[in-house]
Amino acid sequence: MELTRSLVESEAREYREREPLYGVERENLETLPTAFASGEYGRRDAAWVVRWYYRRFLGDYPDAERRAAEEAFWDTDFEAVRSAIADAVVATDAATGIDRLTDLEAVGVPVASGVLMFVDPDAYVVVGPREWAALRETGALSEPYPDPPSIREYETYLERCRALADRFDCDLWTLYRALWRLSK
C-alpha cells in the first residue's frame with residue numbers, strides 16, 4: 001500500500017467520523033498536555049491514558065490483561081506517577097521519557113508512548129500493533145510488530161512517523177488516526 005497525503009487526510013477524516021473515542025481523545029489532547037506540564041491533574045487523568053491505551057481496541061484486547069494493567073496502574077503510588085510524568089514532561093527525547101514512565105507498574109513501552117502522546121502530541125505518537133502493522137504494510141517499517149517493542153524500536157517507529165508527518169504536512173495525531181483506520 002502506498003501512503004499518500006490524500007490517503008492520510010481521508011483516513012483521518014474517517015477516524016473522526018467513525019471512531020467512538022475521537023471526541024474524548026481530542027478533548028484530552030487539548031487539556032492533558034497543559035495539565036501534565038503544570039502538574040494540575042489528578043489520578044484519574046493519568047489513569048485515563050492507561051485505560052485509553054487498552055480500550056481503544058474496543059474489546060479486541062484480552063479483558064483480563066486490560067483489567068490487570070488498569071488496576072496495577074491505579075494502585076501505583078500517585079506521587080511516583082506524578083514524578084514519572086514530570087520527568088517525561090521535561091525529557092529531551094523519547095528514550096528518556098519512556099525509560100522513566102516504564103518504571104511505573106503496568107507501563108511498558110506501548111503505554112508509555114501513549115502517555116508521551118498526551119504529554120506532547122506535537123512530538124510523540126502512540127505505538128501499538130495496529131499502527132505498526134499499517135506502517136509495515138506501507139514499507140515504512142520492515143519488521144513485524146515486536147510484542148512489546150523496545151525503546152529503540154519505539155524510537156525507530158517514532159522517527160518514521162515524524163518523517164511521514166513532515167512529508168504529508170500533518171501533525172502526528174492526524175497520522176495516528178490514519179494509521180489506525182488503515183490497519184482495520
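This is a predicted model: local features need pLDDT of at least 70, side-chain atom pairs count only at pLDDT 80 or more; totals for chains, interfaces and linings use all residues.

In what order do the elements of the protein chain run from the N terminus on?

Modeller: From the N terminus on, the elements run α-α-α-α-α-α-α-α-α-α. The radius of gyration is 15 Å, close to the 16 Å that the globule rule gives for 184 residues, so the chain is as compact as a globular protein of that length. The count is ten helices and zero strands. Along its principal axes, the C-alpha trace spans about 45 × 35 × 30 Å. Buried residues account for 48% of the 184 residues. If we take contacts between residues at least 6 apart in sequence, 67% of them join residues at least 24 apart.

Now to the part itself. Helix H8 covers residues 129-138, and its buried residues are Arg-130, Glu-131, Trp-132, Ala-134 and Leu-135. An α-helix has 3.6 residues a turn, so residues three or four places apart point the same way.

Next, what follows H8. Just after the helix, Gly-139 takes a positive phi of about 90 degrees. Further on, the loop between H8 and H9 holds Pro-148. A cis peptide bond joins Asp-147 and Pro-148, with omega at about 5 degrees. Most residues other than glycine have a negative phi, and most peptide bonds are trans.

Positive phi values also turn up in residues other than glycine. Asp-169 has a phi near 55 degrees, and its place is in the loop between H9 and H10. Asp-169 counts as exposed because its relative accessibility is 58%, and the cut-off for exposed is over 50%. Ala-106 has a positive phi near 70 degrees and lies in the loop between helix H6 (94-101) and helix H7 (109-119). Ala-106 is partly exposed, with a relative accessible area of 25%.

At 15% relative accessibility, Arg-181 counts as buried, since buried means under 20%. Leaving aside neighbours within four places in sequence, Arg-181 is in contact with Glu-11, Glu-14, Tyr-15, Arg-18 and Glu-19.

For contrast, take a residue in another loop. Glu-40 lies between helix H2 (22-38) and helix H3 (43-55), and Glu-40 is exposed, with a relative accessible area of 63%. Glu-40 and Arg-56 are 16 residues apart along the chain, and their C-alpha atoms are separated by 25 Å.

Last, the surface and the charges. The protein chain exposes about 8900 Å², of which carbon and sulfur atoms supply 44%. There are 23 positive and 36 negative side chains, and the centres of the two sets lie 5 Å apart.

Technical notes. Residues are numbered from 1 along each chain as its sequence is written. Side-chain values use heavy atoms; hydrogens and water are left out. Helices (H or I, at least four residues) and strands (E, at least two) are DSSP runs, numbered from the N terminus. The radius of gyration is taken over C-alpha atoms; the globule rule is 2.2 Å times the number of residues to the power 0.38. Buried means under 20% relative accessible area, exposed over 50%, partly exposed in between (1.4 Å probe, protein chains only). Contact means heavy atoms within 4.5 Å. Accessible areas come from the Shrake-Rupley method with a 1.4 Å probe; for residues, only the protein chains shown count as cover. Lys and Arg count as positive and Asp and Glu as negative; His and the chain ends are not counted. The place of a charge is taken as NZ of Lys, CZ of Arg, CG of Asp or CD of Glu.
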